[in-house]
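I opened my notebook today to look up a few things in a protein model. Here is what I wrote down, in the order I looked.

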Amino acid sequence: MNNIGMRNLFGATQEQPFINFNDEKMYFFHDSPHLIKSVRNNLKKYNFSYDNDFCSWSDLEDFYNLDKNKKPRLAPRLNKIHMDLPPFSPMRVCLATQTLSHSVSSGMMTLISLNEMKSSAIHTARFIEFFDNLFDVFNSITHSEAKTLRKPLTKTSDHWKFLNEAEQVLGKLKVHNRTGKLPPCIVGWRENIIALKLLFKELDEKYKIDFLLTRRLTQDSVENVFSVVRSRGGNNVTPDATKFHSAIRMCMCNTLLEPSKSGNCESECDAVQFLTKCSELKKIKIQLKVIGDPNDDEYSDKEDFLNLHLYSMNIENILMENHEACAIGYVAGWMCSKLIHQECVDKLAAKSEDNSQVNLENTHIEMKSYQNANLLYPFKNTLEFAKKVTCIFNLNIESLLLKNKTGVRKEIIKIVDIVCKPLNICDACKTEFLKKLLNVLINSFIKNSNNNIDVFKMHSKN
Ligand SMILES: [Zn+2]
């Protein structure tokens, strides 16, 4: 029997999603991580429409294909696995939340405004944004969140306005499957909204609660306990009550009650991936034409070296696509916000853009900024510097890696010092800015290389 069957059995309805037990109301919630996975699965299979505006997976694929090889990317977390969903991956919650995410929706809006995606894709972008917001409301865990909807629910918070609108949107949503019947996950979100409103009202009246952490309404903690208990008794997939009881006692005695490592939403495993992929990278013989190697006799002269880098960098800078420039603009704004001296920050960026001098590179910041986020808009000089460093990095990283696996960062900094006009800030902030920028670039280079190796392996298998 599934969850919906159980609701029916207890007589819980959409308007009355609770039962009375020992003079207390027990509310029924659908597990929001399951709902968000299910929405993603349905979008992959069917088109949705809202007021005759179509939302479809193919828009998302278009976006992924445009973004996947950019360095840096607008949505760096979106990968092939999110698109293909190979066996077992549909169960992983994080793949769904990274797909239906603010980065993806704002990335799509950026490309639409740059005229690189068709304008009708805006409906899919909004669909993604909507479900990202809705999931946030049901996933709050801490007060220290920039995004309003990710904060805990309070009596006067902005959540209520959003939830009222969300109810309307879900009511008008249409799915284009064979029967036209809305999938259970859409109905489930509506039922959750109704249940949340009733639950909060009751908690407020009875206990005068200050806030509600909605992640506590999911079955995450239960699932974690079950996965630990199950891993105790070997491969027993159908334990009876006695076996379960003794297993959970054993766990508690051993105080081993921690989530299993193969849990549903695993932590970022980039480091591990990098280590394994790095050894594979070494096995592949890449023959690259190393241009501008400063150790070559031909380029031993410093002036030649300088000229060569300046020349290729300028060409690259001119050829840089708006798509990547916007990603760099976003990264630059974020880095400015991390500097320690306010007076240095003020020389690089501002909280809003001067309307007389709008920089195209800041389009993505515009799309990304949400209430209270206080994103910074870098000035023209800052943008130029970040773009030049990116060009230098992308031009040299492969040849530097082939030459020497260590000290790559130092080499790049050396070239930047010679070739780029320095930022007009203190030395500490200068170093910090460059360090952060290089971290982002190295990260996106590694991710891109890993993805390419995956593609390479796939092709060599066939
Ligand atoms: Zn400073």
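**Entry 1: the whole chain**

I noted at the outset that this is a predicted model. I counted up the secondary structure and found 19 helices and seven strands in the protein chain. The chain has 462 residues, and 29% of them are buried. Next I looked at contacts between residues at least 6 apart in sequence: 72% of these join residues at least 24 apart.

**Entry 2: helix 6 and helix 7**

How do I describe two packed helices? I use the angle between their axes and the distance between the axes. For helix 6 (residues 102–113) and helix 7 (residues 122–137), the axes come within 8 Å and cross at roughly 160 degrees. Angles over 145 degrees count as roughly antiparallel, and helix 6 and helix 7 are therefore roughly antiparallel to each other. I also recorded that their crossing is left-handed.

Which residues of helix 6 and helix 7 meet? From helix 6 I listed H102, V104, S105, M108, M109 and I112. Their partners in helix 7 are I122, T124, A125, I128, E129 and D132. Sorted by class, the residues of this contact are seven nonpolar, three polar and two charged. A reminder to myself: an α-helix has 3.6 residues a turn, so residues three or four places apart point the same way.

**Entry 3: a closer look at helix 7**

I checked the length of helix 7 next. Its 16 residues, at 1.5 Å a residue, should span 22 Å, and its end C-alpha atoms are 23 Å apart, which agrees. Is helix 7 largely enclosed or largely open? I found that 12 of its 16 residues are buried, so helix 7 is largely enclosed by the rest of the structure. Among the buried residues are F127, F130, F131 and F135. T124, A125 and I128 are buried too, and these three also take part in the contact with helix 6.

**Entry 4: G107**

Back in helix 6, I picked out G107. Is G107 buried or exposed? A residue is buried if 20 or more other C-beta atoms lie within 10 Å of its own; G107 has 30, so G107 is buried. Leaving out residues up to four places away in sequence, G107 touches F63, D67, L74 and A75. I looked at L74 in particular: L74 and G107 are 33 residues apart along the chain, yet their C-alpha atoms are separated by 5.5 Å.

**Entry 5: helix 2 and helix 9**

Helix 2 (residues 32–45) and helix 9 (residues 184–207) pack at an angle of about 145 degrees, and their axes are 9 Å apart. The crossing of helix 2 and helix 9 is left-handed. On the helix 2 side I noted S32, L35, S38, V39 and N42, which meet C185, G188, W189 and N192 of helix 9. This contact has four nonpolar, five polar and no charged residues.

**Entry 6: backbone details in loops**

P72 sits in the loop between helix 3 (57–67) and helix 4 (80–84). A cis peptide bond joins K71 to P72, with omega about -5 degrees.

Where is D51? I found D51 in the loop between strand 3 (48–50) and strand 4 (53–55), and N52 is in the loop between strand 3 and strand 4 as well. Phi of D51 is near 50 degrees, a positive value in a residue other than glycine. Phi of N52 is near 70 degrees, again positive in a residue other than glycine. D51 is exposed, with 9 other C-beta atoms within 10 Å, and N52 counts as exposed with 7.

Conventions. Residues numbered from 1 in each chain as written. Predicted model: local features only at pLDDT ≥ 70, side-chain atom pairs only at ≥ 80, totals over all residues. Axes fitted to C-alpha atoms, helices over the stretch in contact; angles between N-to-C directions. Helix = DSSP H or I, 4+ residues; strand = E, 2+ residues; numbered from the N terminus. Parallel < 35°, antiparallel > 145°, perpendicular 65-115°, else oblique. Left-handed = near helix turned anticlockwise from the far one by under 90°. Contact = placed C-beta atoms within 7 Å. Nonpolar A, V, L, I, M, F, W, Y, C, P; charged D, E, K, R; others polar. Expected span 1.5 Å × (residues − 1).
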